[in-house]
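Here is a short briefing on one protein chain. Look at the model first, then read the points below.

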Amino acid sequence: MILASDANPKLYNYAREYNIEYAETKRRLGFSSNFNNAVLKAKGNYVKVLADDDRIPSNSIQCLFDKIKNTNHALVHGNATDFKKNSSISKFKPSVVDPSVSQLLKKNPLHGGTIMYNKKAFTDAGMYDTFLLFSEEYEMYLRLKSKGYTFTYVDKFVYLYRRHGHQKSTQFREPKERTKNLIINRYELQ
C-alpha cells in the first residue's frame, strides 16, 4: 500500500504511524502526476486508486485481485454504491463489461473508483496523461482498448463512492466536458 500525497506533508505522520509506504510530491502536481508517481514506487503487479473521501468494502481488494490475477487483462472493474449528500443511495452496475473503443466513445460504462489496473499494462500504455486535468481515467480506458488490451469484470460491489459538491467532476462541469470532447475527438480520428 502506498499513500500518495500531492504536496500534503500532514500525511507523512499518518503513513509513518501505520507503516505505509509514502510517496509525496514536493509541489502540487495534480491527480495524474501524483498517481503515476505512486505507481512507479509500487512493488506489486496491480494498482488501485482509493480517494480520500471514498471507502471500499472489506473484501473489495481481494475480489478485484482474484479476478485479474494470472490474466493479461489491463484492468478489472466492478459495481459501486454512490452516496449523495441528501442521504440518497444509488447502485451502479456497468452496462458493458469489456467495452470496445466505439462503445467507450459513445458512453463510458466504467465506474472509475472500481478499477484495479494491471501495473504492467498501465505503465506500458504510458500511464495517465499528465496534461489532462479531467477525464484522465476515461482517456486511459480508450488508450488501453486502442492498444488491444481487454478488461475483465467482477459482479460485486467493490467501491463506496461519496458524491458531493467539492469534487472536480461537479465543480468544473464545463471544462470537464470540453476535455472529454477533446479526448473523444482524439480517438475518433484513429
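Within the largest nonpolar core, which has 27 residues, Tyr-117, Phe-122, Tyr-141 and Leu-144 touch the most other members. A nonpolar core is a set of buried Ala, Val, Leu, Ile, Met, Phe, Trp, Tyr and Cys residues joined through side-chain atoms within 4.5 Å. Buried means under 20% relative accessible area, exposed over 50%, and partly exposed in between, with a 1.4 Å probe and protein chains only.

This is a predicted model: local features need pLDDT of at least 70, side-chain atom pairs count only at pLDDT 80 or more, and totals for chains, interfaces and linings use all residues. Residues are numbered from 1 along each chain as its sequence is written, and side-chain values use heavy atoms, leaving out hydrogens and water.

- Helix α6 gives the most, with five residues.
- Phe-122 is in contact (heavy atoms within 4.5 Å) with Phe-35, Asn-36, Val-39, Tyr-117, Met-127, Tyr-128 and Met-140, leaving aside neighbours within four places in sequence.
- Another core, of seven residues, lies apart from the largest one; Leu-64, Ile-68, Val-76 and Val-158 are among its members.
- In soluble globular proteins, nonpolar side chains tend to be buried together.

**Helix α8**
- Helix α8 (residues 173-188) has 16 residues and spans 22 Å from first C-alpha to last, close to the 22 Å expected at 1.5 Å a residue. The expected span is 1.5 Å times one less than the number of residues.
- Thr-179, Ile-183, Ile-184 and Tyr-187 of α8 are buried. They sit on the same side of α8 because they cover an arc of only 140 degrees around the axis. The arc is that of the directions from the helix axis to the C-beta atoms.
- Glu-174, Leu-182 and Glu-188 are exposed, on the face of α8 turned away from its buried side.
- The cover over the buried residues of α8 includes α4 (101-106) and α6 (136-146).

**Thr-114**
- Thr-114 lies in the loop between α4 and β6 (116-118).
- Thr-114 counts as buried because its relative accessibility is 0%.
- Its side chain reaches the backbone nitrogen of Gly-78 at 3.1 Å.
- Not counting residues up to four places away in sequence, Thr-114 touches residues including Lys-48, Leu-64, His-77 and Tyr-159.

**The whole chain**
- The chain has eight helices and seven strands. These are DSSP runs numbered from the N terminus: helices are H or I with at least four residues, strands E with at least two.
- Of its 190 residues, 42% count as buried.

Terms used
A polar contact is a pair of N or O atoms within 3.5 Å; within protein, one must be able to donate a hydrogen and the other to accept it, and residues adjacent in sequence count only if both atoms are side-chain atoms.
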